[in-house]
Amino acid sequence: MKYTFKEHEKNFADWCRNDYPLQLDNGKAQRARDFLKHISAPNFALPLFKHQLESLKRSIYCHEVLQKKDLLLEVVTGGGKTTIIGGMIAYCMIVHDVNKFLVLVPNTIVRSRLIDAFKPDSSLF
């Protein structure tokens, strides 16, 4: 798969260094910055692996700054895709007040695992 983010690396790094500036209204920009700072904090309740945190930040950057609405993340088996999905869902809920999501899965095994992972009593979230 072609790596298409390379052309945005410098601007993305500047965006992170400059406290995640966003052109959002109604307090959304502040909620987005708070979300990004919270998940980056060393004492975050659900510690993220570096690549998970980086995936979340890059996805948010692509969505908010680059205005890309169709994103594809390539994550190796066991790389924590469910956690990344959960992070993006949390971001959309907290920042954009979105409460309904459609997650497409390739088969019933993956569907069952995701259903279990997102149950309220799950230890994952």
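How many of the 15 residues of H3 are buried? The count is 11, so H3 is mostly covered, buried here being under 20% relative accessible area. Keep in mind that this is a predicted model.

H3 runs over residues 50-64. From first C-alpha to last, the helix reaches 21 Å, close to the 21 Å expected at 1.5 Å a residue. Its buried residues include Leu53, Leu56, Ile60 and Cys62, but also Lys57, Arg58 and Glu64. Who are the neighbours? The buried residues of H3 pack against helix H1 (9-17), helix H2 (28-40) and helix H4 (81-96).

## Where H1 meets H3

Let's zoom in on one of these partners. The axes of H1 and H3 come within 11 Å and cross at roughly 100 degrees. That makes H1 roughly perpendicular to H3, because angles of 65 to 115 degrees count that way.

On the H1 side, the contact is made by Glu9, Asn11, Phe12, Trp15 and Cys16. H3 brings Glu54, Lys57, Arg58, Ile60 and Tyr61 to meet them.

## Two loop residues to look at

Now for the loops. Gln67 is found between H3 and H4, and has a positive phi of about 60 degrees although it is not a glycine.

Further along, Asp97 lies in the loop between H4 and helix H5 (108-117). Its phi is near 55 degrees, again a positive value in a residue other than glycine. Is Asp97 buried or exposed? Asp97 counts as exposed, because its relative accessibility is 52% and the cut-off for exposed is over 50%.

Definitions and conventions:
Residues are numbered from 1 along each chain as its sequence is written. This is a predicted model: local features need pLDDT of at least 70, side-chain atom pairs count only at pLDDT 80 or more; totals for chains, interfaces and linings use all residues. Side-chain values use heavy atoms; hydrogens and water are left out. Helices (H or I, at least four residues) and strands (E, at least two) are DSSP runs, numbered from the N terminus. The expected span of a helix is 1.5 Å times one less than its number of residues. Buried means under 20% relative accessible area, exposed over 50%, partly exposed in between (1.4 Å probe, protein chains only). Contact means heavy atoms within 4.5 Å. Axes are lines fitted to C-alpha atoms, for helices over the stretch in contact, and angles run from 0 to 180 degrees between N-to-C directions. Angles under 35 degrees count as roughly parallel, over 145 as roughly antiparallel, 65 to 115 as roughly perpendicular and the rest as oblique.
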